[in-house]
Amino acid sequence: MYQVLTDSECDLPAAVLAAGNVAAISFHTKLGDQDLINDFGRSYDINEFYQKIRTGTMPTTTQVNIGEYVAFFKPYVERQQPIVYVGFSGGLSGSMSSAHQARAMLLETYPDADIRIVDTLAASGGEGLLVLQAIKLQQAGATLDQFVNWFDENKLRLQSWFTVDNLNYLYHGGRISRTSAALGTLLKVKPILDVDPDGRLRQVFKTRTRKKSLFELADKTLAAMQSDPDQPVIVTTSGDYAAAEVVKARIIETISTADVQIYSIGMTIASHTGFGCVAAFAMGDQLRN
């Protein structure tokens, strides 16, 4: 049986991954003089992290390096177990490139190893939804080829919608200009962002007021759910749990049986969104463009 692997940026709870027999590699964040790893809250309280960035601390992040991926993959390769890594978007991090290079290095020593890499072209709960699908596929008996083919054909059906409460983090991440950040803050503009087909974050449009932005997330998610109202939906947030509940409640107002889970955004993504980011994820029936 092949082993499903992922990373900390899927933003699923550790218990969910353990129940699905999925192992995860951790990304890194530097907060002041602290070197932190995103290990699902085992070594650092995520809510403490949120409070630090809420007061203006600007963390930095580094990609997972090749050696770390080699060490992550190697135990399975040594025991001749096929692996498939379902990972964080290569459009948002160089870590996916590191994973591919680690694969190439291992194949030099273990030419018969079966190492598959799936770039989800997604982040946070979007990656999480695809990891849940990975668990479902494996438990249903999908072969490794069938598994990878499903992702090739369906991963761009994932719909991801984000909004942030502090535009300065988008400015520092190079997503918007200093002028846009300053003017948007003055006018209480709230951007609505999604993930493009190359797995990169993009601003789609803007709204006025926080409440409107949250309703937009819910409404976009509801539109994606029309083809499958019973599907799991994930809402994530970097600390504003009340806002996440607003999105969940609006979805359930329309689809009372909706399965909506709220999870915390990990340190890597929160470092680039700031406190108060809220995101919603569902699978649609059309490929995103």
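The numbered points below describe strands, charged pairs, one histidine and a group of aromatic rings in this structure.

1. Basis of the note. This is a predicted model, in which local features need pLDDT of at least 70 and side-chain atom pairs count only at pLDDT 80 or more, while totals for chains, interfaces and linings use all residues. Residues are numbered from 1 along each chain as its sequence is written, and side-chain values use heavy atoms, with hydrogens and water left out.

2. The four-stranded sheet. An open sheet of 4 strands has the order β2-β1-β6-β7, with parallel pairing; strands here are DSSP runs of E of at least two residues, helices are runs of H or I of at least four residues, and both are numbered from the N terminus. Because β2 (23-25) and β7 (115-119) stand at the edges and have a single partner strand each, one side of each is left without a neighbour in the sheet. From one strand to the next, the twist averages 25°.

3. Details within that sheet. Strand β1, residues 3-7, runs parallel to β2 and is joined to β2 by 3 bridges, where two strands are said to pair if DSSP finds at least two bridges between them. Along this pairing, D7 of the chain stands opposite I25 in β2.

4. The helix across the sheet. Helix α4, residues 95-109, lies across β6 (83-87) and β7, and runs at about 170° to β7. Such angles run from 0 to 180 degrees between N-to-C directions, with axes taken as lines fitted to C-alpha atoms, for helices over the stretch in contact; contact means heavy atoms within 4.5 Å.

5. Strand β11 pairs with strand β12 (residues 259-264) in the parallel sense over 6 bridges, and the bridge partner of V235 in β12 is I262. Strand β11 is mostly covered, since 5 of its 6 residues are buried; buried means under 20% relative accessible area, exposed means over 50%, and partly exposed lies in between, using a 1.4 Å probe and protein chains only.

6. R210 forms a salt bridge with D240, with the closest N and O atoms 3.0 Å apart. This pair links distant parts of the chain, as R210 is in helix α9 and D240 is in the loop between β11 (232-237) and α10 (241-254), 30 residues apart. Salt bridges that share partners join D165, K190, R210 and D240 into one network.

7. The other partner of R210 described here. D165 also forms a salt bridge with R210, and the closest N and O atoms are 4.0 Å apart. Here too distant parts of the chain are linked, with D165 in the loop between β8 (158-163) and α7 (167-172) and R210 in helix α9 (residues 210-225), 45 residues apart. D165 counts as partly exposed because its relative accessibility is 36%, whereas R210, at 16%, counts as buried.

8. A further salt bridge. The side chains of R200 and D198 meet in a salt bridge at 3.6 Å, N to O. R200 counts as partly exposed at 42% relative accessibility, and D198 is partly exposed with a relative accessible area of 48%.

9. The surroundings of H28. H28 is found in strand β3, residues 28-31, and a polar contact of 2.6 Å joins the side chains of H28 and E68. A polar contact is a pair of N or O atoms within 3.5 Å; within protein, one must be able to donate a hydrogen and the other to accept it, and residues adjacent in sequence count only if both atoms are side-chain atoms. Not counting residues up to four places away in sequence, H28 touches L36, I37, T61, T62, Q63, V64, E68 and T268.

10. The aromatic rings. The structure holds 9 aromatic pairs, in which rings of Phe, Tyr and Trp (its six-membered ring) have centres within 6.5 Å, with planes under 30 degrees apart counted as stacked, over 60 as edge-to-face and the rest as tilted. Y2 and F147 form an edge-to-face pair, at 5.6 Å centre to centre and 75° between the planes. Y2 lies in the segment before β1 and F147 in helix α6 (residues 144-154), so the pair ties together parts that are 145 residues apart in sequence. Ring pairs link Y2, F147, W150 and F151 into a cluster.
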